[in-house]
Amino acid sequence: MKTIRAAGAAFVLTATTATALGVLGATPASSAAPDPAGATWPDRTVGTVGKLVAEFPGGGMESCSGSVVDSANGSVVATAAHCIENPERGKPPRAVYFVPGYDRGGGPEAVVDKGWRTTTWETAPGWDVSKPVDEILPHDWAFLRFPERNGKTLAEKHGSNALRFGPVGGGPTLSLGYPAVSPYDGETLKYCRGKARAHGPDARPSVNAGALTLRPCRLTQGVSGGPWLRDYDASRQSGTLVGVTSLGGENELLGRPFPEAAERVHARMAGTAPR
């Protein structure tokens, strides 16, 4: 029997109690008026953004979000580290599946049946699930490499986002993902948009160190790993990825930028790391 979850564990975010979204333990070129706090994306899908499902031994599945990023091999997806290895499970999944541009596609089981499949990924060097969660949360990012399908890479078929490494300042930001806990069902792409606040290395609480926060934003579990984009181009359905969703509170989302160390991890997934 398969178990599908999109749950989380409690953490502190700014002055509120927060939840690690997505897999911690489970699961505008448009005429529509924007709702920056958690509405359905006006154009329904973004080709470079998709639903990510991890399948674990024993049949458990956990839902997250992810995005295709620029790479030499055209095969790299960015997400949150806890979407792949989380403290509740303590063990990595058997495989991870990804469907770009997902929209009412039949749920996690359909993603496993029809999605791009990989067993190749790498989490941040500081992501060690044997340590206390508040110590590892600043390292909540990861990259996966997906094999070609029918002679095409993910980027060739769906496009990709530019990727920024290093500290990120505050500014206008678009966050996208597939929240799966009420009032959402994980079947449609949702978004928050506004001016993100940048937190310095000495931020308090410490889980905010180096992070971005976006408020108001009411997205729930399942949005973890979703992209934080700048300079989004609706015609290309892509922008510049400056972080991935890591935590969320009642009306706030927290994103993790990619430090300079992430460039080496990305290079290994892209097949361009020095030998």
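Q: What makes Arg230 a buried residue without a salt bridge?
A: In this predicted model, Arg230 is buried, and the nearest side chain of opposite charge, that of Asp231, is 7.5 Å away. A salt bridge requires a side-chain nitrogen of Lys or Arg within 4 Å of a carboxyl oxygen of Asp or Glu, so Arg230 has no salt bridge.

Q: How do you know that the side chains of Arg230 and Thr173 are joined by a polar contact?
A: The contact between the two side chains is 2.8 Å. The cut-off for a pair of N or O atoms is 3.5 Å, and therefore the Arg230–Thr173 pair qualifies as a polar contact. Arg230 itself is found in strand 16, residues 227–233. Beyond its neighbours within four places in sequence, Arg230 is in contact with residues including Arg164, Val168, Ala196, Leu212 and Val242.

Q: Why is the pair Glu55 and Arg94 called a salt bridge?
A: The side chains of Glu55 and Arg94 meet at 3.5 Å, N to O. Because the limit is 4 Å, the pair counts as a salt bridge. The pair links distant parts of the chain, with Glu55 in strand 5 (residues 49–55) and Arg94 in the loop between strand 7 and strand 8, 39 residues apart.

Q: Why is Glu55 called buried and Arg94 partly exposed?
A: Buried means under 20% relative accessible area, exposed means over 50%, and partly exposed lies in between. Glu55 has a relative accessibility of 8%, so Glu55 counts as buried. Arg94 has 44%, and therefore Arg94 counts as partly exposed.

Q: What makes Arg104 exposed and Asp103 partly exposed?
A: Arg104 has a relative accessible area of 53%, which is over 50%, so Arg104 is exposed. Asp103 has 22%, which lies between the 20% and 50% cut-offs, so Asp103 is partly exposed. The side chains of Asp103 and Arg104 meet in a salt bridge of 3.5 Å, N to O.

Q: How do you know that Arg215 and Glu252 form a salt bridge?
A: The closest N and O atoms of Arg215 and Glu252 are 3.7 Å apart. This separation is within 4 Å, so the pair counts as a salt bridge. Arg215 and Glu252 are 37 residues apart, and the pair links distant parts of the chain.

Q: Why is Glu252 called buried?
A: Glu252 has a relative accessible area of 6%, which is under 20%, so Glu252 is buried.

Methods: Residues numbered from 1 in each chain as written. Predicted model: local features only at pLDDT ≥ 70, side-chain atom pairs only at ≥ 80, totals over all residues. Heavy atoms only, no water. Helix = DSSP H or I, 4+ residues; strand = E, 2+ residues; numbered from the N terminus. Buried < 20%, exposed > 50% of the residue type's maximum accessible area, 1.4 Å probe, protein only. Lys, Arg positive; Asp, Glu negative; His and termini not counted. Polar contact = N/O pair within 3.5 Å; in protein donor to acceptor, adjacent residues only side chain to side chain. Contact = heavy atoms within 4.5 Å.
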